[in-house]
Amino acid sequence: MRRRTCLLLAGVLVAASGCGLQSGSPMVDAVKPGSIGQGEPLKGADLTVTSKEFTEQLILGAIMGIAFQAAGADVLDRTGIQGSIGAREAVKNGDADGMYEYTGTAWITYQGNSEPIPDPKKQWEAVRDADLENGLTWLPPSSLNNTYALAMNQANFKKYGTKTLSDVAALSKKDPGAVTLCVESEFANRADGLPGMEKAYGMSVPAKNITQMDTGIIYTQVKKGSCTYGEVFTTDGRIKSMNLVVMQDDKKFFPNYNVAPEINTKALKKWPAIAEVLDPVTKRLNNSVAQTLNAKVDVDGEDPHQVALDWMKQEGFVKSG
């Protein structure tokens, strides 16, 4: 109930701590320029970073803040806002200066479109153009694409050999009993989920072969082989830690959810160096990097901010101060 209230009031009360956007705390990482931030082009800037509340977002918010610090800015940490709307509204109204956001979320959830754009670059361009009038500037995207997929364990992969969703559709026709699915209830009913996927691939999985469950349980059930295929998110750390095989979406049915910096336009005009500071970092982000970093938090229990800091140093973007 509290979350629903926060979502409803986000546009008005986004600055209120009760809806997730805390007063924030300063980022005090002892970092200096590495391959980014040379000459400290953001010296004198007071910048606020934000994010949504799940693992990947907390890591990405920290990465952005650490990059700004290395370039000389004083950074306020307002990461971890409940729900998508609150974080976006914070950037939109100037309570925050930037965050990493997903192109598909913007296109479908915020901008109200029902049909995703299959080409990732064109999807980003459409989102960028539509958001300019909202006072938001989208910087170039990464290849990190946190979208839906089906995955299977190694034993079933060796048994059935499917590599694409077209292969899964063919298997479902040849041997209907072989294709059992573990999915979330939302995925089971969304147009951009199971019903749409079945239609796009000419697949018809009997209801008795589909089990609905919570997200976290899906991964463990797929690993055990309780279901042949499970719905996963392509950047989830458990894919790598459990050695699951992800089916390629060869017909490009699922929407693109590429990560890109979403920056308050006024802040960017005041501090145009934001773009050059973030660009090399964004280019390095991909699904493999995300899976590795997410696993450090979700599987190994590490702190998201520390994971971000370690990666930024490891990549040479920043150095210890």
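**Exercise 1.** Describe the packing of helix H2 against helix H14.

Solution. Step 1: the axes of H2 (residues 55-70) and H14 (residues 287-298) approach within 9 Å and cross at roughly 110°. Axes are lines fitted to C-alpha atoms over the stretch in contact, with angles from 0 to 180 degrees between N-to-C directions; helices are DSSP runs (H or I, at least four residues) and strands likewise (E, at least two), numbered from the N terminus.
Step 1: H2 is therefore roughly perpendicular to H14 (65 to 115 degrees).
Step 2: Thr55, Glu56, Ile59 and Ile63 of H2 meet Ala290, Leu293, Asn294, Val297 and Asp298 of H14 (contact: heavy atoms within 4.5 Å).
Step 3: by class, these residues are five nonpolar, two polar and two charged (Ala, Val, Leu, Ile, Met, Phe, Trp, Tyr, Cys and Pro are nonpolar; Asp, Glu, Lys and Arg charged; the others, Gly among them, polar).

The model is predicted: local features need pLDDT of at least 70 and side-chain atom pairs 80 or more, while totals for chains, interfaces and linings use all residues. Residues are numbered from 1 along each chain as its sequence is written, and side-chain values use heavy atoms, without hydrogens and water.

**Exercise 2.** Where does tyrosine 148 lie, and is the residue buried or exposed?

Solution. Step 1: tyrosine 148 belongs to strand S7 (residues 148-152).
Step 1: beyond four places in sequence, its contacts include Phe187, Arg190 and Phe233.
Step 2: phenylalanine 233 is 85 residues away in sequence, yet the C-alpha atoms are 4.9 Å apart.

Technical notes. Angles under 35 degrees count as roughly parallel, over 145 as roughly antiparallel, 65 to 115 as roughly perpendicular and the rest as oblique.
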